[in-house]
Structures are given as C-alpha cells and as structure tokens.
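Biologist: Please show me the model, and then we can go through some questions about it.

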Amino acid sequence: MAAGQQWVLVEMVQAFYEAPAYHLILEGILILWIIRLLFSKTYKLQERSDLTEKEKEELIEEWQPEPLVPLVSKDHPSLNYDVVTGPPSHRIIVNGKECINFASFNFLGLLDSERVKLKALSSLKKYGVGTCGPRGFYGTFDVHLELEERLAKFMRTEEAIIYSYGFATIASAIPAYSKRGDIVFVDEAACFSIQKGLQASRSFVKYFKHNDMEDLERLLKEQEIEDQKNPRKAKVIRRFIVVEGLYINTADLCPLPELVKLKYKYKVRIFLEESMSFGVLGEHGRGVTEHFGVNIDDIDLISANMENALASIGGFCCGRSFVIDHQRLSGQGYCFSASLPPMLASAAIEALNIMEEDPGVFRVLRDKCKHVHKALQGTPGLKVAGEPLAPALHLQLENSTGSRTNDLKLLRAIVDYSLERRIALTLARYLDKEERFLPPPSIRVVVTVEQTQEEIEKAAQCIREAAVKILK
Amino acid sequence: RSFPNQSSLTQRELHFDRELAKHRITAWSVCIFTSYSSFPPQNHHASCTLLYKKPFVESFEETPLLVAVLTYMGYGILTIFGYLRDFLRDWKFEKCHLAREREEQKDFVPLYQDFENFYTRNLYMRIRDNWNRPICSVPGAKMDLVERVTPDYNWTFEHTGNVLKDVINMGSYNYLGFAENTGTCADAASECTVKYGVGVSSTRQEIGNLDKHEELEKLVAGFLGVESSMAFGMGFATNSMNIPALTGKGCLILSDELNHASLVLGARLSGSTIRVFKHNNMQSLEKLLRDAIVHGQPRTHRPWKKILILVEGIYSMEGSIVRLPEVIALKKKYEAYLYLDEAHSIGALGPRGRGVVDYFGLDPSDVDIMMGTFTKSFGAAGGYIGGKKELIDYLRLHSHSAIHATSMSPPITQQIITSMKCIMGEDGTTLGQERLCQLSENTTYFRRRLHEMGFIIYGNNDSPVVPLMLYMPAKIGSVSRFMLKRNIGTVVVGFPATPIIESRARFCVSAAHTREMLDKALNAISEVGDLLQLKYSRKNRHGSEGTDCFSFLESHQD
C-alpha cells in the first residue's frame, strides 16, 4: 500500500467526528444514491458503442498498425559497432588495429590481472559457469556471501548486497524504497540507470540544477512550506536525494559535505551512486565519502558497479543493515534475476584483495588523472569537462556547429584519426530521445594506471593534431 | 482469479477461427483448467484443433473446497498470532531482532511503514530457512549445501562449517544439465578466461563490442532460425530495458496475467497502456484485441499506434506452456506484434531444443520478437533478443542495455557458445540430442509418477517445470525441511509469488538427473506427501474425474 493512503484514512475518520449533522445526512443520502447506482444496470462506457458486428469487422479490417520499429538506414553512424578482437585491456585491438586503451573503464588495470584470472579459473573449476537460479532458489553460493561480507568490510558499512548486473543495481534499489507518492530530489545530470530507477518507483521526481546546492535548498524549502500546509501527509511521505559521487555524464564531483548538511536540516535521506568513484577516490579507494572525510553512516545507501574499477561484472549496494536488508525481498533485480556467476564473484573478491593490499595504486591513478587533465588543456577547438581527479573525462567541442549530428561526426572523425594512430578513444553514447537532460556530445577519455607518461603524452599530442586537422 | 466453485472440472475447448471450424480433423487440443476461468464456457466445435499437431494437455485441478477453507483459516491464525507477537514486541515482552533506525535519524519520515513488513516479520520469518540456502558446489544434478543453524528462530543464521553432501537438486533451472565444472563447456570457458579475463568495462556501443559477442549473436540467430539477434548481460534486463525501446505512448501492451516481473517492469517503463488477459486464455486475449481496435485509445478514440502481445513460453510458477499456435493466429488476424519470452522454454522444449516454437513446429518468423535467457538451459547468464534484421538494427541503436550497460563477460559468452553448439550438434557429437531426449523422458516419467501418487500437479504434461500444490502455509516450511532431511533440495513458493491459497513446491527436472535420482526423489516426495497429507488429487482417489477426462479425449478423437 502506498504511504499516502494511510493518512487519508486517518483524516477521513477524524473528519467524520468533526462534521455537523446536516453534513452527515447529506453524505448518507449520497451513499444511498451510490448504492442505487451500483445495483442499477451496469454498462461500460467503452462498450456502449452502437456499432454493429459488421462495422466492427470493418474497423478491424481497416486498422493499420505502425511498423514495429522504424527503418534504420544501413550507414547510420552508430549501427556498426567498433569490433574489439581479443581482451579489452591496456593494449586493445580495435577494428584490427592494436591501440593503447583510453576508452574502457578499467581504471585499476585489473582486467588483465593474472591473480584475478587465476582466482576466476579456480572458481570455475569448483562451481562451473552459471548459477541456474535466483538467490532465493539455490542460487546463493558461498562466494556470494563472502563477497558481500568483504564489500561491507571494505566500505566499512554494516551490510552489502550484490546484483548480477551493474545497471540494475541502483535502478532496483531506488524503487525498493521510494514508492508512489514519495518525493525524490535528483541532480539533473544523474545517469541513465538512476533515471530508470526513478521511473520504476513512480515517485514524484524533482530535478535540481547540476551540483547547485542553492537550487536544491530552494526545492527543499518549497517542500517544507508544502509540508506545513498538510503536516499529517508530510509525516508519511518519504524523501530522498539521489546523487552520483562522480558524475559519469559530466565528470564532476558532488558536493557531499553540503548535501549531508542539507540532509539533516531538511530530514531527507541520501542515496549515492558511486560507479565512477568506487575504487578511484579516497586514500583507500572507498569513494567519495572517504575523499571528503564524510562519515559513511550519514549516507543512507551507496551503490556502485563492479564493472569499472573491479573489472568484473555486477553491482552492489551497501549501508546500514536497517536499509540494505530490505532489498533482499524488495529489490526486483535481486529477487527475480539469476544470481551473479560465482567465477565473477571470485574475481571481484580477488580484485578487492589487490586493492586492499596496495592502496598506493589510488595515488598513482590520481596523479595520472591530473596529468591527463593537464595534458588535454589547450587542445584547439576542444574543451575538457570534468574534475582533474576524474578518471573518465569528456572532451567537448568549444563551438558547436549547431547540429548534434554534425558535432558527433566531427568528434567521430577525431576518434577515427586517433584509432589510426593507435590511440583507442570512444564517443560517449546516449539515448538522444530518452535522456532527461541530454549532455552535449563528447569524446570519452579514460585514465587507467597502466598508461605510461609517454603514452599519455602521445595520446594528448594525437588528439591535438586531430583537432587542428579536423576542426580547423 | 475466481474463488474455486464446487464443480470439480470444467473442460472446454477454446474457439478460434470460424474458417477453421469447417475442417474436421483428428488433431485436438484440450484444456482442463478451472481456477482461472471466469469466462463462461463456450463450446465452439473443433475449432482450434487444426492448429495443434499433437495433444496439448494442461491441467489445473481445482482446489478442494475443504483445503481452501483450511488454508484461509491457517492464514487467519498466523495473522492473529502475528498481531499478538507485534504487541509483545512493542511492549518489550519479546526480544525484537529487527534492525533499527539509527538514533540520529529517528525524526526522519520512517523508511518503512509498520504494516508493510507485517508479512515478512510474522509469516516469512517462521520459514525463512527454506530460501537462500547457500550452496558450495556446481548446481548440477547433485549439489553440496552449507549447513546453517539459527540460534534465534531464523532472524540470523550461522554456518556450522559442515557441508551437506550430494543433495539431489530439484530446484535449479539446469534443464539440459550444462551446469558443469568439467567437460567441453567448462574447458572452453577456462580458455576464454585466460585469454580475455572476466570483465569488459565498457558498453557495446562504446568499446565493449568483442568479437566473442558477435560470434555469439550469429550463432543465436542460426539457432533460433531468425535473421539476426542481440545478446545482453542479464536476462531480467533484457526484458526491462528493451520493451521500452519498442513501444511507447499511444501503444497498447496486452500482457498475460502471470507474466514475469521483468516483463511487467519493461511494459511499465515503456509508458504504453497495459491491459492484462487471463492466463493463457485466448478468448480473453481476443476480446481485448477486438475491443482495442474497435474502440481505439481511451478518451481520444484515436486508433492505437501498435499492439504488442507479451507472453512467455513456459510459465515458471505454473508449468504451463503458452498456446502459441492460437496466439500467432490471433496476432495475424488482428495485426498485433508478438513478444515471446522463452526464459524457461529455450533449450528445454522442442525436439531440437529450440524452444516453444520448435515444440509446436511453427515458423520462427511468425514471432516478431523472440526473447530468451542463457541462465537456464545453457548454464550461463544473460539474455537475447532475436528477430528480423530491421528489429535488431533498431535495438542496436536504441536498446538501453547496448548504450548504458556493460557488455557480457567473455567466459560467460563462451559457455553459451559451446553449450549451444552442443545442442545444435555442431560439435560433431550427438551429446546435445541425447540431453534433449533425456530431459523429455525424465519430464514425462516424473510427472506421470507424481500424478499416479495422487498429488495435484499443475501445468503441461511436457513442461519440465513441475509445481506440486501444497496450499497450506504451514506445509511450505515442513515440505522443504522434510525433503532436505531426505537429502533432496526443493524449491517452495508461497504468497506473494503465488496467489495466497496456492502455495506450492516446484521441481525442475533436468537431463542430468538419472532414473535412480528421480526415483529417490519421488519416494521421498511420496513419503513426505503421506506424512503431511499432500495427496489432494481427487482424480486419482476416486478415479471418476480422471476417467472422465480421458474418455472425453477419446470421444473427441472420433
């Protein structure tokens, strides 16, 4: 039952006691009238058509549906994917050319790690590949429990829960808590899986300007005034702020300390999506909470995928047991989907081991990020969007041609030019029509610890050349 | 779903097309189901019979009235005790094990309403030990379970360190027995791990489109007999992230009432209007189709842009098989599109293991969108969509999954490729074909024996998913525990996954089960059945309805 319905009931009972006698009599008559209507001959509006069978047949004959999908032209720029032959690791073969990888989110270079592979192999020897069932029905393996425990320990939270698909993690977590009638305050730049989670929750969504705390506070204040008008209703409407730690669409950092202040001031819960910042930010790679020194218990739910820094598959949520445990029966992507193949869970455990043993790797990554950010400055015609700390930057056109298609073509030409010169880049892809706020077209530049000084210089040089040549 | 009435069986044929009624042929289709029928029985003669090449026998025996009454009483008693326990917890007479909100956030709006978790707290918690049992081996025909004990009535579990060895696995969806840690599939997956690693760290559209993925997609298209296909990393997401790419505002989705959560979610996310038809009931579907076309969209009365029918091949909680020949005829007649989810049926049905289309001997091009998963029969993970080239091209551009989700792990991809080739016989052996035969043999045997023992089992005679009705909430936990004592792992399901009075145990037959294992399981089920009085079926006990059913079939054949 939605939260809103309970207070309606309470209010109704109270109103009943307060109402004057004539009002009750009037209501009584109305109820009698309704009962009369209920027992009179029923008809459905839709079915009360005067069409004869023949006319109906004609209508059915006449109806022409739209084609299932619109036709796609064969040379659509995004239709023919770049083909990667062999592993998508530091040296990657794209469309037959060996390149240095500046495109996969393999921040810590764990995709290629022998240790991770060995652990995955030994797991494969023990468990086979698939799990053949959801967690509830013999799909829980001991390695899943181990991984959950390890993640909780790593993040220093009470509990963690794993999903078998990164995208499904936050998209399932949001609707597990936020229901119809609840209010969610969301950053405009929030990633697509957050948007889908919000849509699935059917809650009331209020977008605030990207990283603009004043705008958020304005919305919170508006809500406070609204609440004062109807305090009984306010008591049951849950409120959430949903933000990303490091935005995948803009490469910006969220102002977490301010968010926490707002959280306590307006009593709103914070959900934090850390797919880009987990295993990247902070001294031990714990993400944006560690980066800002925010107490992790102040964040109600943290979600991240294990597909970037951990270079495995799947995602996890962590936080206090009071919050997280609820997903075990209410997280759709958790309950109704087959569980994560055990070899992928084992790989993630080994990746965590490596991260714990050598926290120095995060410093290395940070230095490389700063280096790349600096090296890309001053590229003619292109601007770098994002924090110097962000491992996945966006290169946007300084001057748009005015048409998205043309912009994309120009950027694609730069990507192709780099591919020719053994630097693998990619365009950031979006669903143009479905994105709530469509980010400007951009090239994604991803930093990993495996990239050497020279490689970074070479890449920056290559992009500069391309920009000069193509953007003129 | 209507409350069961006293007439024990309703037998009826589903009418289909007047044209077909003229033909007199011996093929027939019979459907015996009662608890789903609220439409008045209509007996149009021998109409849909032409569409079926072999008997289509599906039974949903009526819940006996006494059992239904007792079941409701059971829930009543549990609820009363639940309130009592809640009262005791509130007044601190009973220790409360629930995790609590932290002090700092006590004045926030509560994250959960108290009544929301009533069921979990007071009913589920009593029998929680029957789910999420951790396993520590291959989920094959036999598995090893981690032994758990609970010091506080299922609020927490501790592992004792012991392992329950060689538990016969009747729960995993391992239809063809490809959940293996040795053999060609495991070897190929190992090799692939060494070469590729386990992750991809990018999306298909960006830089995560591996040669392995393309190889898989070509193979899947060939396997299904369609022009093209696309693979995705998670079965659930294949539905929920692709349906929104296909329909939108102004489109109508007609969905079977028992469709999986992922289809429901996908339909909701698409923003289309959703109407639900009775489970596998073609009259209900046809009525919705006719009304939709005749009346158009509500209020505006504009014609619908397109109509999409969502059905599953095998329904995993009912064991029923979709009446695909009739659905296809309907969709052709009314020019709707058909989305077929073969999560459980791909690999598990049909003489060549190509799913429900193969089972009925139909043309795959009659199904617009062929969806399925790799989790079950192939012992891997993920899902696919197959269909015309235009459809797949469109999805490559517009699927949420292709653009925003990490692509499939290479060793998982390899497992699917190898197992699929084995089923197709492309590995040069007949091992795949043998598995298919074994599965169908096991299914027939297992279902027949359970039926003979007098249990009420739901679903189609050919479906490897076998739900056995328990009804009463108290029996859910005891069946699972008694079976585990006899070293057999079973799945039990209750509300909300099933209607409140239709709690059931579910067995998934596998090609990996030997006759010996099945016999052992059957004996255990029979023993537990006697102990808990689960042999509800009146067909067997009196013999009357049973013979009725078959004499009906025989008379019809003449």
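This is a predicted model: local features need pLDDT of at least 70, side-chain atom pairs count only at pLDDT 80 or more; totals for chains, interfaces and linings use all residues.

Modeller: Residues are numbered from 1 along each chain as its sequence is written, chains are lettered from A and ligands numbered from 1 in the order in which they are written, and side-chain values use heavy atoms, with hydrogens and water left out.

Biologist: What area is buried between domain 1 and domain 2 of chain A?

Modeller: Domain 1 covers 82–111 + 359–471 and domain 2 covers 129–357, with bounds from an automatic or database domain assignment. Buried area is the accessible area (1.4 Å probe) that two parts lose on being put together, summed over both. Carbon and sulfur atoms give 65% of it here, and the total is about 2,400 Å².

Biologist: Which residue forms a salt bridge with A:Lys196?

Modeller: A salt bridge needs a side-chain nitrogen of Lys or Arg within 4 Å of a carboxyl oxygen of Asp or Glu. The count between domain 1 and domain 2 of chain A is one. With the closest N and O atoms 4.0 Å apart, the partner of A:Lys196 is A:Glu434.

Biologist: Is B:Lys535 buried or exposed?

Modeller: B:Lys535 lies in the loop between helix 16 (515–532) and helix 17 (538–542) of chain B, helices being DSSP runs (H or I, at least four residues) numbered from the N terminus. Buried means under 20% relative accessible area, exposed over 50%, and partly exposed in between (1.4 Å probe, protein chains only). Because its relative accessibility is 16%, B:Lys535 counts as buried.

Conventions:
Helices (H or I, at least four residues) and strands (E, at least two) are DSSP runs, numbered from the N terminus.
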